[in-house]
Amino acid sequence: MTHGYLIKGLLATAMMALTAGAAAAPAQYPAKPITIVVGFPPGTSTDAVARILANKMSKDLGQPIIVENKPGVGGSLGAGLVAKARPDGYTLVLSATAPMNINPHVYKSLTYDATKDFEPIGQTTWLPYVLVTNNSKGLKTFKDLIAYAKNNPEKLTFASIGKGTTSHLLMELLMKETGTKMVHVPYSGSTQSQTDVIGGNVDMTFDTVVSAMPHVKSGKLNGLAVSVANRAKLAPDIPTIQEQGLPNFNMGAWLGVFAPKGTPRDIVNQLHTELNRTLSDKSTNDKLVALGSEVVMSETPEAFGKMVQENYDTWGNIVKEAGVDQK
């Protein structure tokens with residue numbers, strides 16, 4: 001009898017231990033809403049992409065995904081907040097090129113290290129830029145533009161949305177690759193820069209395909225060249241810069257998802273899988289393409305991280321060669 005009671009007691013103790021262990025086991029991810037931080041205002045391309053992705057991923061994951069806008073410092077305010085967030089998979093950032101690749105070379109006192117403070121999850125889209133001119137000088141083709149610039153140093157002007165921005169640095173790279181020199185005219189936004197290019201106050205600008213193409217189609221601007229390797233779906237008739245004599249020119253703006261450094265590997269892998277599933281969905285894909293984005297899926301989180309690092313080095317060199325003073 002004594003042995004029987006002893007055995008029953010041991011079994012009861014074992015069951016209690018198993019029950020306690022089960023109660024202490026981590027809940028299946030995700031067990032609560034996820035926040036995606038966007039470092040740009042509502043209505044921007046990055047914000048629109050985030051909301052399209054969040055809508056589909058929330059249905060698949062069974063939890064709400066909240067898009068939270070934290071604009072400031074060229075997108076870096078939001079990235080800095082996520083870098084300091086708890087690494088549990090519930091706070092992510094949808095970042096553009098600038099916060100991870102350009103701003104670290106432009107701003108002295110960012111609150112994060114772009115190369116160390118994040119876990120890459122995956123790329124979402126690639127945003128081509130198009131070089132556009134007005135009709136004042138009759139520069140109808142890319143070759144016309146480069147020939148004129150070579151024969152007339154510093155006689156052409158180009159607009160950007162600010163010193164050290166993508167639109168500025170793309171032109172710096174173009175001048176380097178073609179041996180030309182043009183005059184930079186920085187603006188505080190795309191609408192202002194486009195207005196002055198259309199009005200003939202400035203000769204040209206690089207802008208996103210989705211922003212520039214309505215003016216090209218209306219005849220107000222001439223679309224001369226696309227900045228990435230393949231022709232843009234929203235501008236299929238405009239040749240790439242590669243097609244027109246610069247075989248290594250392939251620069252644009254990517255968007256991708258990151259988690260704070262230290263996020264568990266199984267959560268990173270799960271988010272990567274869910275992100276690619278969302279990007280493969282035809283309805284979601286169509287919505288992203290309608291924004292002017294080229295949908296791009298990373299094969300692995302590591303592959304995305306490698307691309308980000310390579311772009312970090314490339315943009316760093318461009319910033320340095322352009323002589324952009326740190327802010």
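**Packing, pairing and bridging in a predicted model**

Q: What makes α2 and α10 roughly antiparallel to each other?
A: In this predicted model, helix α2 (residues 45-61) and helix α10 (residues 282-290) pack at an angle of about 175 degrees. Angles over 145 degrees count as roughly antiparallel, so α2 and α10 take that name. Their axes are 10 Å apart.

Q: Which residues of α2 and α10 meet?
A: Val49, Ile52, Leu53 and Lys56 come from α2, and they meet Thr284, Lys287 and Leu288 of α10. By class, the residues of this contact divide into four nonpolar, one polar and two charged.

Q: Which residues make the contact of α4 with α11?
A: On the α4 side they are Thr97, Met100, Asn101, Ile102, Pro104, His105 and Val106, and on the α11 side Val308, Asn311, Tyr312, Trp315, Gly316 and Val319. Here the division is eight nonpolar, five polar and no charged residues.

Q: What makes β7 and β9 edge strands in their sheet?
A: The open sheet has five strands in the order β7-β6-β8-β5-β9, with mixed pairing. β7 (183-186) and β9 (222-226) each have a single partner strand, so one side of each lacks a neighbour in the sheet. From one strand to the next, the twist averages 30 degrees.

Q: How do you know that β6 and β8 pair?
A: Pairing requires at least two bridges between the strands, and two bridges join β6 (residues 157-160) to β8 (residues 204-208). These two strands run parallel, and Phe158 stands opposite Met204 in β8. Helix α8 (residues 209-217) packs on this sheet, touching β5, β8 and β9, and its direction makes about 125 degrees with that of β8.

Q: Which are the edge strands of the six-stranded sheet, and how do you know?
A: The order is β2-β1-β3-β10-β4-β11, again an open sheet with mixed pairing. β2 (65-69) and β11 (294-295) each pair on one side only, and they are the edge strands. β11 pairs with β4 (residues 118-127) in the antiparallel sense over two bridges; in β11, Val295 is the bridge partner of Thr125.

Q: Why does the pair Glu321 and Lys176 count as a salt bridge?
A: A Lys nitrogen has to lie within 4 Å of a carboxyl oxygen of Glu, and here the N to O distance is 3.0 Å. The pair therefore meets the cut-off. Glu321 belongs to helix α11 and Lys176 to helix α6 (residues 166-178), and this pair links parts of the chain 145 residues apart. The structure holds 10 salt bridges.

Q: What does Ala322 contact, leaving aside its neighbours within four places in sequence?
A: Ala322, found in helix α11, is in contact with Leu169 and Glu172.

Conventions. Residues are numbered from 1 along each chain as its sequence is written. This is a predicted model: local features need pLDDT of at least 70, side-chain atom pairs count only at pLDDT 80 or more; totals for chains, interfaces and linings use all residues. Side-chain values use heavy atoms; hydrogens and water are left out. Contact means heavy atoms within 4.5 Å. Helices (H or I, at least four residues) and strands (E, at least two) are DSSP runs, numbered from the N terminus. Ala, Val, Leu, Ile, Met, Phe, Trp, Tyr, Cys and Pro count as nonpolar, Asp, Glu, Lys and Arg as charged, and the others, Gly among them, as polar. Axes are lines fitted to C-alpha atoms, for helices over the stretch in contact, and angles run from 0 to 180 degrees between N-to-C directions. A salt bridge is a side-chain nitrogen of Lys or Arg within 4 Å of a carboxyl oxygen of Asp or Glu. Angles under 35 degrees count as roughly parallel, over 145 as roughly antiparallel, 65 to 115 as roughly perpendicular and the rest as oblique.
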